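Please look over the fold shown here, and then work through the questions that follow on its sheet, helices and core.

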Amino acid sequence: MATDEQVHKVFLKVLVDNEKKKVLFAEAEKDFVDALMSILTLPLGTIARLVAKESNIPPVKFGSLSSLYESVSHLEDKYLRTQTCKEMLLQPRNSMESYCQQMKLNIDDTEPTKYFLCETVKCNLDGRRQLSIFRNQRCRCGNLMNKEVSPKGVILENGFVNESETFIICDDLSVLPNVLGTSVSLLGKHGIKDLATIDERNVGISKKEILS
């Protein structure tokens, strides 16, 4: 039976210089480029959690950010203004999640955003209702906001780039349109004069490889 990691893979065509044993660049379609670009939407708390949890090279530290994340995770609730504050810091919501949820390789493992209201009848009737994206946050009336509601009209987008486009991914993760001029320029930059020295390989990429 296929594992979850095997199922959630996207594929690249990697061009390798056989003489120098060096990757020149990769050609990628929408699925990989969307996953790569989605990193830019991630809150820092999510990045710190993912590199520690999902990386192929454990344990991975993201500089002082990982130390900060770990210290907050061990901080007792009595030192925080509310119990919800720890969840806000360790499980921050991605404001662009509607663009990421439909992607074939969504690297963000944060649960989809839920919405909560105060259960107090007066708060629901006086037109001053507060809405929280975290359960058990305090309402202005002092009660907990733990009544889950479903928003209307939420539209899930399909990633960031067009379905029909392909792209070139450079070794510094630059993303370029896959047009003939770009390929020729990059081959020249790497000193490639004989195309026979280039090997094309299809490589499957999972969440762990992206976060490594």
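Q: In this predicted model, which residue in β9 does Leu 12 stand opposite?
A: Residues are numbered from 1 along each chain as its sequence is written, and in this predicted model local features need pLDDT of at least 70, side-chain atom pairs count only at pLDDT 80 or more, and totals for chains, interfaces and linings use all residues. Side-chain values use heavy atoms, with hydrogens and water left out. Strands are DSSP runs (E, at least two residues; helices are H or I, at least four), numbered from the N terminus, and two of them pair if DSSP finds at least two bridges between them. β1 and β9 run antiparallel and are joined by eight bridges, and the residue of β9 opposite Leu 12 is Val 203.

Q: Which strands stand at the edges of the sheet?
A: The open sheet has five strands with antiparallel pairing, in the order β8-β7-β2-β1-β9. Two strands have a single partner each, so one side of each is left without a neighbour in the sheet; these are β8 (175-177) and β9 (198-205).

Q: Which residues does Val 33 touch, not counting those up to four places away in sequence?
A: Val 33 is among the residues that touch the most other members of the largest nonpolar core, which has 22 residues. Such a core is a set of buried (under 20% relative accessible area, 1.4 Å probe, protein chains only) Ala, Val, Leu, Ile, Met, Phe, Trp, Tyr and Cys residues joined through side-chain atoms within 4.5 Å. Counting contact as heavy atoms within 4.5 Å, Val 33 touches Ala 28, Val 161, Phe 167, Ile 169 and Val 175.

Notes. Buried < 20%, exposed > 50% of the residue type's maximum accessible area, 1.4 Å probe, protein only.
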